[in-house]
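Subject: A structure for you to explore

Hello,

Here is the structure I promised to hand over. Please open it beside this email and follow along as you read.

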Amino acid sequence: MRVLVVEDEAKLAGLLRHRLRREGMGVDVASNGEEALVRATATDYDLILLDLMLPGIDGFGVCRRLREQSIWSPTLMLTALGDVDDRVRGLDSGADDYLVKPFSFDELLARVRALLRRGAPPRPAVLTVGDLRLDPASHQAWRGGTRLSLTSREFALLEMFMRRPGQVLNRFELLEHVWDGTYENRSNVIEVYVGYLRDKLGREAIETVRGAGYRLHIDDDPR
Ligand code: CA
């Protein structure tokens, strides 16, 4: 079993490595979010222990980006933040379980064993929001029974919206994920492409949230 520990506090990271190795696991340590992403994309970890508060990209961001890249290593989020919003956000970002700091090592190990037994859960290959369906593997999308004819940028933009249904996405996130930051923030490329998508999905499908960004707006049950 190979485990990635993502923890910026060196002392705790060392302790986790020591305890997990004693359980017979192979352990790598990353001390920030960027390093975690590099390691987790290069190695197929059986488990990721992910601290929430990290310098740079935080635990939510790490988890979300891994899931976006279809990396499903079971992830246990470690958080000092115990309130319900953060736990919900952690699970929504794709974490499989969470543990609030300070935790007992016995509980940590029990949860680690449970996640390892469970393994990586099968994830749906096709994204569905209301009557919209999108298959990232075949690059096809449908609204109801109708196949949508999308350019690769339109497809990438729709996929981004469908991975975060109901969530407002700001210009920065869209530029970063769909255009790899190749455009200046002041360009109107997003407005243009949102317009193209509206032409194909229906005007109401993408809502403008003034001053914040855009949100996919598809009724869960159109009938
Ligand atoms: Ca931390």
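In which strand does Ile206 lie? Ile206 is part of strand S10 (residues 206–209); helices (H or I, at least four residues) and strands (E, at least two) are DSSP runs, numbered from the N terminus. Before we go on, please keep in mind that this is a predicted model, in which local features need pLDDT of at least 70 and side-chain atom pairs count only at pLDDT 80 or more, while totals for chains, interfaces and linings use all residues. Residues are numbered from 1 along each chain as its sequence is written, and side-chain values use heavy atoms, with hydrogens and water left out.

**Around Ile206**

Ile206 counts as buried, at 2% relative accessibility. Buried means under 20% relative accessible area, exposed over 50%, and partly exposed in between (1.4 Å probe, protein chains only). If we set aside neighbours within four places in sequence, the residues in contact with Ile206 include Phe161, Val194, Leu197 and Tyr214; contact means heavy atoms within 4.5 Å. Ile218 is twelve residues from Ile206 along the chain, and their C-alpha atoms are 8.1 Å apart.

**The whole protein**

You can find eight helices and eleven strands in the protein. Its C-alpha atoms fill a box of roughly 60 × 35 × 35 Å, taken along the principal axes. The protein has 223 residues, and 44% of them count as buried. Among contacts with a separation of 6 or more, 55% come from residues 24 or more positions apart.

**The calcium ion**

Which residues coordinate the calcium ion? They are Asp8 (OD), Asp51 (OD) and Met53 (O), at 2.1 to 2.3 Å. Asp8 sits in the loop between strand S1 (2–6) and helix H1 (10–22), and Asp51 in strand S3 (residues 47–51), so this pair, 43 residues apart, links distant parts of the chain. Donors are N, O and S atoms within 2.8 Å of the metal (3.2 Å for Na, K and Ca); water is not among the atoms, so sites may look incomplete. Along the chain, the donors follow the spacing D-x42-D-x1-M. Asp8 is partly exposed, with a relative accessible area of 33%, whereas Asp51 is buried, at 2%.

**Two helix pairs**

Two packed helices are described by the angle between their axes and the distance between the axes. Axes are lines fitted to C-alpha atoms, for helices over the stretch in contact, and angles run from 0 to 180 degrees between N-to-C directions.

H1 and helix H5 (residues 105–118) pack at an angle of about 60 degrees, with axes 12 Å apart. H1 and H5 are therefore oblique to each other; angles under 35 degrees count as roughly parallel, over 145 as roughly antiparallel, 65 to 115 as roughly perpendicular and the rest as oblique. Among the residues making this contact are Leu12 and Leu16 of H1 and Leu108 and Val112 of H5.

Helix H6 (residues 152–163) and helix H8 (residues 189–201) pack at about 80 degrees, with axes 10 Å apart, and are therefore roughly perpendicular. The contact includes Leu157 and Phe161 of H6 and Val194 and Leu197 of H8.

The peptide bond from Lys101 to Pro102 is cis, with omega near -5 degrees. Pro102 lies in the loop between strand S5 (97–100) and H5. Most peptide bonds are trans.

Enjoy exploring!
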